[in-house]
Amino acid sequence: MHSYEDNLVLFCGGETQLMPGKLPKPLIKLDKKAMLLNYLDQIPTNLFLKVILLVEEHWLSEFELVIAPFKHIEICAVSNSSSTLLKLNEYLANYSNHTDFTTFSYPDIFVEESYWNYTTRIKDRVLVSQKPLTSRFPRIFSSPFNNKVKGVSGYHSKVPANPHFIFAGKFSSETRFLKKYLNTFISQTSEKMKLEVDFFDWLASEEVLICDTYIDEWIISDSPKDHQAILQFINQEKI
């Protein structure tokens, strides 16, 4: 389980071209309430010591206004237009009140409580969550050498047969361990690398990346059409 002694850090992003107004997604209103506040409602209140928002400098005042009523939420300012990798690097280098272990996630992903119920205090490793891809359409098994179809199977269950997995938007680690490996990665590559692909792939090559599997509801806000699904999910959770 997560420990109440740990921090949860959220990548709050910068302005997005996908949404009207170009606001960072956590500030976009879902039924008259900022997406960030809807997101925070789904996190069990006793799960983390603090919630820390990584916010680009030119959006600080907007986020400060949204979180003003909350005592357990802090903002850590990061550079404007910085990548997720650089936001992580700045947080690990500059934040002054680290906990021994830290969980990182994204406040535009809406999930069930089971998402948070995995062991995270694992030393000398980085733990990422993964989710099986599903579809209402079946999976087609074809040969890579010709156009023959080998078989067709349903792909809509929570865990389809022979599933493919994607990153489910959460990772955790012992904080000093993550800082050490991130510094090494940047020194060997470049700050222009991507966190979720390049850094994770490098951790896998170093044999320090492990995973847990989340199979329940998972909705990500990538466009306005996702908002209705998120609101439906939020309302169902409240019943």
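Keep in mind that the model is predicted.

Let's start inside. In soluble globular proteins, nonpolar side chains tend to be buried together. Here, the largest nonpolar core has 63 residues, and Leu53, Phe171 and Phe199 are those with the most contacts inside it. Helix α4, which covers residues 175-188, gives this core its largest share, with 6 residues.

Pick out Phe171 and look around it.

Now for the loops. Find Lys25 in the loop between β1 (7-11) and β2 (29-30). Is Lys25 buried or exposed? Its relative accessibility is 15%, and buried means under 20%, so Lys25 counts as buried. What does its side chain meet there? The side chain of Lys25 makes a polar contact with the side chain of Asp108, at 2.6 Å.

Next, move to Gln42, in the loop between α1 (35-41) and β4 (50-56). Gln42 is buried because its relative accessible area is 15%, under the 20% cut-off. The side chain of Gln42 reaches the backbone oxygen of Ile109 at 3.0 Å. Beyond its neighbours within four places in sequence, Gln42 is in contact with Ile109, Phe110 and Val111, and also with Trp116 and Phe233.

Terms used: Residues numbered from 1 in each chain as written. Predicted model: local features only at pLDDT ≥ 70, side-chain atom pairs only at ≥ 80, totals over all residues. Heavy atoms only, no water. Helix = DSSP H or I, 4+ residues; strand = E, 2+ residues; numbered from the N terminus. Buried < 20%, exposed > 50% of the residue type's maximum accessible area, 1.4 Å probe, protein only. Polar contact = N/O pair within 3.5 Å; in protein donor to acceptor, adjacent residues only side chain to side chain. Contact = heavy atoms within 4.5 Å. Core = buried A, V, L, I, M, F, W, Y, C linked by side-chain atoms within 4.5 Å.
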